[in-house]
Amino acid sequence: MKKFYITTSIPYANAASHVGHILDPLIADVLSRYHRIKGDEVRFLVGTDEHGAKIVRKAEEVGKTPQQLVDENSANFREMHKLLNIKWDDFIRTSDQKRHWPGAQKMWKELKEAGDIYWKKYKGLYCVGHEAFITEKDLVNGKCQDHQKKPEVVNEENWFFRLSKYSKQIEDAIVSDKMKVMPESRKNEILSFIRGGLEDISISRPRKDISWGVPVPDDPTQLMYVWLEALTSYLSSIGYGQEDDQSKKLLSKWWPADAQIVGKDNLRFHAAIFPGMLLSAGLELPKEIFIHGFVNVDGQKISKTVGNVIAPGVVVDKYGVDPVRYFFLREFPSQDDGDFSYKKLEERHNGDLANGLGNLVQRVAILIDDKMGGELIYENEKRKTKSVKLETYHQAIEECKLHDALGEIWKLVAEANQYIDERKPWVEAKENPEGFLETMTGLIYMIHQISWLLQPFMPGTSERIFKMMGDSGSKEIQDNHKFIINKGEVLFPRLNK
Ligand SMILES: [Zn+2]
């Protein structure tokens with residue numbers, strides 16, 4: 001059995017989830033379901049990033065303790081996963097002192113032991129929105145471009161990590177695809193960043209400024225920089241930093257990660273800083289990093305000021321889980337930004353789902369019900385339609401072009417609907433029983449394939465179709481399998497404007 005360890009970036013728990021958070025765990029969910037179906041042993045990790053100044057300030061603002069705030073928001077993210085049928089194996093919280101802190105502190109000790117941590121006086125521009133130091137180049141009119149806020153001038157002494165030392169090794173790993181960064185455009189972006197020279201980074205903050213974080217080992221005056229410890233969660237969740245045998249086994253079984261799914265704002269942290277830490281600590285690099293784009297709403301960046309923050313629950317309540325999954329996976333090119341709007345979602349729903357897939361399944365179920373007494377015994381030699389070619393579908397998923405994989409499935413949906421229009425089985429049923437059986441056998445085969453391929457994307461819909469058609473849901477249709485139709489409700493009722 002092949003193992004497949006997949007992680008998502010862990011969202012910052014200073015606020016509740018919104019539709020911009022859906023893509024990351026949804027992409028990872030599709031890939032983990034796909035690998036499970038293939039027979040791989042899968043571990044799918046999610047979590048929340050819960051330390052740092054932003055959390056402390058937000059908690060003060062709303063009159064809560066940092067712990068109360070992160071408890072609430074972390075629970076909110078769990079709820080989002082449940083709503084979207086995202087089936088992870090593990091949820092790590094960076095405020096978890098038992099599970100996460102030992103791993104984060106072990107990482108620190110390893111970097112120190114490698115001679116890669118040193119003390120330095122530092123002056124820099126700190127953007128709280130970023131929770132990171134930024135440079136003059138990131139400023140427009142003295143404000144951070146992304147957060148529209150003036151950065152704080154920080155003048156202090158910190159611990160630094162010798163990231164510069166690993167520039168060449170990280171570059172080589174990316175160039176050779178030993179650590180594969182996808183898509184190609186992001187690979188080039190990070191390579192040009194690394195070739196510009198990686199600088200050493202500040203990895204601690206004085207405890208007197210913020211008291212909410214992982215303590216630096218052997219230095220009571222400092223806390224670990226939130227990014228450094230948060231990145232370690234991919235390891236702490238599988239036992240890194242724990243001394244018992246079971247944890248050690250877990251770590252050696254699952255590390256390195258086979259795929260890390262992150263948004264484009266996480267590119268540098270995951271494809272430059274984290275690899276540097278791993279190399280310093282003598283750990284293997286992840287095999288694949290996939291970078292996706294942002295979710296805009298009505299053509300604009302999601303922001304409170306614009307007023308376009310939408311809770312995932314609102315959308316799922318209105319349209320149902322699988323139409324929402326479908327919309328995000330199909331409408332958003334996996335590599336680039338995409339746009340959410342109710343109008344586009346409803347167009348996809350009525351077009352691709354109601355008129356396309358839903359109509360196909362409905363037509364075939366009704367024909368078998370009306371003209372065949374509700375049963376069809378499948379014989380492969382009666383099928384005259386061509387076998388479905390799956391290479392493009394699999395290739396698209398391996399390259400994480402999930403929208404293209406769905407595109408392949410919908411080509412089949414269109415072909416099947418067209419086949420019905422051409423063959424006119426309702427006429428054949430009266431005039432050409434032999435031809436009618438051929439047509440229905442071909443259609444059952446196509447619906448079976450569609451439903452099989454759809455499993456990682458829309459697991460609930462796939463299950464419903466199998467049930468409606470009396471399909472066993474195994475990979476290949478067994479010869480002489482009896483399909484007993486169980487029509488039930490319409491799959492995707494049309495939405496009226
Ligand atoms: Zn910023």
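Me: Quick one: is Leu367 buried or exposed?
Reply: Leu367 counts as buried, at 9% relative accessibility. Buried means under 20% relative accessible area, exposed means over 50%, and partly exposed lies in between (1.4 Å probe, protein chains only). This is a predicted model: local features need pLDDT of at least 70, side-chain atom pairs count only at pLDDT 80 or more, and totals for chains, interfaces and linings use all residues. Residues are numbered from 1 along each chain as its sequence is written, and side-chain values use heavy atoms, with hydrogens and water left out.

Me: Where is the place of Leu367?
Reply: Leu367 is in helix α13, residues 342-371. Helices are DSSP runs of H or I with at least four residues, strands are runs of E with at least two, and both are numbered from the N terminus.

Me: And what is Leu367 in contact with, leaving aside neighbours within four places?
Reply: Met372, Pro425, Trp426 and Met440. Contact means heavy atoms within 4.5 Å.

Me: How many residues apart are Leu367 and Ile485 in sequence?
Reply: They are 118 residues apart in sequence. In space they are 9.9 Å apart, C-alpha to C-alpha.

Me: New topic. How do α17 and α18 cross?
Reply: Helix α17 is residues 433-454 and helix α18 is residues 459-469. Their axes come within 8 Å and cross at roughly 155°. Axes are lines fitted to C-alpha atoms, for helices over the stretch in contact, and angles run from 0 to 180 degrees between N-to-C directions.

Me: What does that angle make α17 relative to α18?
Reply: The angle makes α17 roughly antiparallel to α18. The cut-offs: under 35 degrees is roughly parallel, over 145 roughly antiparallel, 65 to 115 roughly perpendicular, and the rest oblique.

Me: Which residues make the contact?
Reply: From α17 come Ile444, Ile447, His448, Ser451, Trp452 and Leu454. From α18 come Pro459, Thr461, Ser462, Ile465, Phe466 and Met469. By class, that contact has eight nonpolar, four polar and no charged residues. Ala, Val, Leu, Ile, Met, Phe, Trp, Tyr, Cys and Pro count as nonpolar, Asp, Glu, Lys and Arg as charged, and the others, Gly among them, as polar.

Me: How many residues are in the largest nonpolar core?
Reply: That core has 86 residues. Phe328, Phe340, Trp410, Phe457 and Met469 have the most contacts inside it. The largest share of this core, eleven residues, comes from α17. A nonpolar core is a set of buried Ala, Val, Leu, Ile, Met, Phe, Trp, Tyr and Cys residues joined through side-chain atoms within 4.5 Å.

Me: Which helix has Gly276 in it?
Reply: Gly276 sits in helix α10, residues 267-280. Gly276 is buried, with a relative accessible area of 0%. Not counting residues up to four places away in sequence, Gly276 touches Phe161, Leu163, Tyr166 and Ile170.

Me: How do α5 and α10 cross?
Reply: Helix α5 covers residues 167-175. The axes of α5 and α10 come within 10 Å and cross at roughly 115°. That makes α5 roughly perpendicular to α10.

Me: Which residues meet there?
Reply: Gln169, Ile170 and Ile174 in α5 meet Ala271, Ala272, Pro275, Gly276 and Leu279 in α10. They divide into six nonpolar, two polar and no charged residues.

Me: Switching to the backbone. Is the peptide bond from Met182 to Pro183 cis or trans?
Reply: The bond from Met182 to Pro183 is cis, with omega near -5°. Pro183 is in the loop between β9 (180-182) and α6 (184-195). The bond from Trp255 to Pro256 is cis too, with omega near 5°.

Me: What about Asn85: is its phi positive or negative?
Reply: The phi of Asn85 is positive, about 55°, although Asn85 is not a glycine. Asn85 is in the loop between α3 and β3 (90-93). Asn85 counts as partly exposed, at 22% relative accessibility.

Me: And Glu131, buried or exposed?
Reply: Glu131 is buried, with a relative accessible area of 4%. Glu131 has a positive phi of about 55° and is not a glycine.
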